[in-house]
Amino acid sequence: MIALIMFGAALVLLLLGIPVAFAFGGVAMFFAFFIPSLGFEVFNILPFRIYGIMSNTTLMAVPLFIMMGLILEKSGMAEKLLISMSSLFKSIRGGLGVSVVLVGAILAASTGIVSASVVMMSVIALPLMLGAGYNKGLASGTIAASGTLGQIIPPSIILIVLGDVMSVSVGDLFLGAVLPGLTLVSLYITYILIRAYLKKEDAPALVSEEKISFFAVLSAIVPPLLLMLAVLGSIFAGIASPTESAAFGVLGGVILSAYNKTLDFSMIKYALFETMKLSGMIFMILIGATAFSLIFNELGGTDLILEFFSQDIGNVWVFIGLAMLSIFILGFFIDFIEISFIIVPILVPVMAAFGIDPIWFGVLIAMNLQASFLTPPFGLSLFFLKGAAGQSVSTMDIYKGIIPFILLQLLGLGLVVAFPDLVFAFL
């Protein structure tokens with residue numbers, strides 16, 4: 001019971017706006033101090049756990065993929081992609097929306113940085129869509145959902161973190177997430193085309209005499225695709241580990257930036273400083289979560305949850321349903337990093353007790369966590385979109401526009417539950 005009170009106290013602090021690392025770390029220290037059976041001696045093992053985190057070769061891929069994404073963010077690649085894609089689909093009703101989804105998927109496989117993808121497409125694509133007469137909600141929802149594809153399409157930071165937390169191969173998670181990610185892309189495109197067919201005024205076709213050469217389209221699309229194939233292909237073929245391929249991705253990002261004539265000292269400085277800040281934040285959260293889980297386990301929290309699911313309920317599908325529902329609801333209020341480091345380790349022993357395949361379960365969690373970026377009131381993609389869009393769209397437009405895409409994500413999650421071969425097809 002004390003463990004559940006501890007968990008509730010941490011959630012309350014998060015809702016009050018306390019930084020995540022301090023909320024979890026502070027709660028752990030508070031309960032260790034005031035419970036006589038524990039004491040601060042329980043933290044003697046904490047330095048060894050922190051050292052294990054910092055020397056973890058899998059987690060080393062996180063700052064490298066972040067830096068690759070930040071370099072590509074400043075390379076001008078997204079703008080060239082959007083302009084080229086929109087020229088290909090401009091004569092089709094809903095074509096601009098389709099091009100945004102495809103560019104979002106390419107950016108996801110190239111950068112994996114949600115904030116960069118959403119902001120770039122908000123600045124570049126939103127004026128184009130609104131100028132073409134698109135419904136504000138549809139335009140907003142398409143950009144937010146497409147920019148968030150980087151959470152499920154490899155190389156995804158979520159999948160790297162889950163691979164470490166669940167002690168499974170990151171390469172296998174990447175392979176398992178390919179078809180579910182493409183399924184989401186297909187659902188988005190289908191929805192946009194159907195809506196454009198049923199309500200022509202929501203997504204009209206573009207009528208323009210301006211033409212773009214086939215060579216210009218190729219020069220915009222081929223370089224990021226080659227980088228994507230090189231980074232992911234080296235992992236899938238077993239040639240390189242995720243960390244090694246991430247380092248290669250950084251080099252590829254620098255080469256692409258030089259190709260686009262955007263490589264300079266200020267850009268490299270920006271990428272290095274932002275990588276340091278983002279990585280520092282992630283590892284601080286991980287340290288706070290480690291302290292929290294240490295005390296939570298000492299209080300018997302994990303055993304209590306394991307007993308509840310495996311004995312009191314004893315049904316694997318009830319566990320999967322409750323786990324997915326819990327993650328989805330928590331995603332309304334807290335970030336994927338907190339859920340990955342706090343909630344997922346609690347679920348892993350239960351998953352093992354039921355004999356659930358960890359790769360399949362990990363992909364389900366990743367798809368669910370992706371929805372946390374889109375669910376109000378704290379969906380980060382919605383904040384990124386509103387910040388970049390300014391007064392061109394209202395917050396209510398964004399909320400209305402994102403609801404169909406959240407439902408599509410839940411449909412995609414249901415398809416992966418119903419058809420596990422979507423995960424195992426390439427394994």
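The following exercises, each with a worked solution, concern selected local features of this structure.

The model is predicted, and local features are therefore taken only at pLDDT of at least 70 and side-chain atom pairs only at pLDDT 80 or more, while totals for chains, interfaces and linings use all residues. Residues are numbered from 1 along each chain as its sequence is written, and side-chain values use heavy atoms, with hydrogens and water left out.

**Exercise 1.** Determine how α15 and α16 are oriented towards each other, and list the residues through which they meet.

*Solution.* Begin with the elements: α15 covers residues 316-330 and α16 covers residues 336-354, where helices are DSSP runs of H or I with at least four residues, numbered from the N terminus. The two helices pack at an angle of about 175°, with their axes 11 Å apart; the axes are lines fitted to C-alpha atoms over the stretch in contact, and angles run from 0 to 180 degrees between N-to-C directions. Since angles over 145 degrees count as roughly antiparallel, under 35 as roughly parallel, 65 to 115 as roughly perpendicular and the rest as oblique, α15 and α16 are therefore roughly antiparallel. Finally, with contact meaning heavy atoms within 4.5 Å, Val316, Phe319, Ala323, Ile327 and Leu330 of α15 meet Ile339, Ile343, Leu347, Val350, Met351 and Phe354 of α16.

**Exercise 2.** Identify the residues linked in a network of salt bridges, and work out whether Asp202 is buried or exposed.

*Solution.* A salt bridge is a side-chain nitrogen of Lys or Arg within 4 Å of a carboxyl oxygen of Asp or Glu, and by this rule the count comes to 3 salt bridges. Arg195 pairs with Asp202, the closest N and O atoms being 3.0 Å apart, and Lys199 also forms a salt bridge with Asp202, at 3.8 Å from N to O. For the second part, buried means under 20% relative accessible area, exposed over 50%, and partly exposed in between (1.4 Å probe, protein chains only). Asp202, at 5% relative accessibility, is therefore buried, whereas Lys199, at 40%, is partly exposed.

**Exercise 3.** Find where Gly412 lies, and name its contacts beyond its neighbours within four places in sequence.

*Solution.* Gly412 belongs to helix α19, residues 395-418, and its relative accessibility of 1% is why it counts as buried. Leaving aside neighbours within four places in sequence, Gly412 is in contact with Leu184, Leu187 and Met367. Of these, Leu187 is 225 residues away in sequence, yet its C-alpha atom is 7.7 Å from that of Gly412.

**Exercise 4.** Describe the backbone at Pro155 and Ser167.

*Solution.* Most residues other than glycine have a negative phi, and most peptide bonds are trans. The peptide bond from Pro154 to Pro155, however, is cis, with omega near 0°, and Pro155 lies in the loop between α8 and α9. Ser167, although not a glycine, has a positive phi of about 55°; this residue lies in the loop between α9 and α10 and, at 66% relative accessibility, counts as exposed.
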